[in-house]
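Trainee: Hi, could you walk me through this one? I'm new to it.
Mentor: Happy to, let's take a look together.
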Amino acid sequence: MKARVEIMLKTGVLDPQGEAVRHALGALGFDGVDGVRQGKVIELDVADGTTEATIAEMCEKLLANTVIESYRIELA
C-alpha cells in the first residue's frame, strides 16, 4: 500500500525558500507571482492495513516538525 504525506510550513511561518523561488521567477520574467510556498512530499510503501492514524503518528514523531509545519495524508 502507498501513503503520500504532503508537508507545508504553517501559514504565517517565514518561507525563505519560497521567497527565493518567487524572486527567481520574477528575475526570469514571470510577472504576477505574488507568493510561493515550498513544501515536501514523502511517499511511503507500507504494509496493507496500515492505518492513517499510524501514519499520522509517524508524522508527529519524525516526518514533520508540527511546531511550524502541517501535513496531509493520502492513502492509495
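Trainee: In which sense do E1 and E3 pair?
Mentor: E1 and E3 pair in the antiparallel sense, over seven bridges. Strands (E, at least two residues) and helices (H or I, at least four) are DSSP runs, numbered from the N terminus, and two strands pair if DSSP finds at least two bridges between them. One thing to keep in mind: this is a predicted model, where local features need pLDDT of at least 70, side-chain atom pairs count only at pLDDT 80 or more, and totals for chains, interfaces and linings use all residues. Residues are numbered from 1 along each chain as its sequence is written, and side-chain values use heavy atoms, with hydrogens and water left out.
Trainee: Thanks! What stands opposite Met8 in E3?
Mentor: That is Ser70. On the E2 side, E1 also pairs in the antiparallel sense over seven bridges, and Val5 stands opposite Ile42 there.
Trainee: Switching topic: which residues of H2 are buried?
Mentor: Ile55, Ala56, Cys59 and Leu63. Down the axis of H2 they fall within an arc of 105° (taken from the directions from the helix axis to the C-beta atoms), so they line one face of the helix.
Trainee: And what do those buried residues pack against?
Mentor: Strands E1 (2–9), E2 (39–45) and E3 (69–75), where contact means heavy atoms within 4.5 Å. The face of H2 turned away carries the exposed Ala53, Lys61 and Leu62.

Conventions. Buried means under 20% relative accessible area, exposed over 50%, partly exposed in between (1.4 Å probe, protein chains only).
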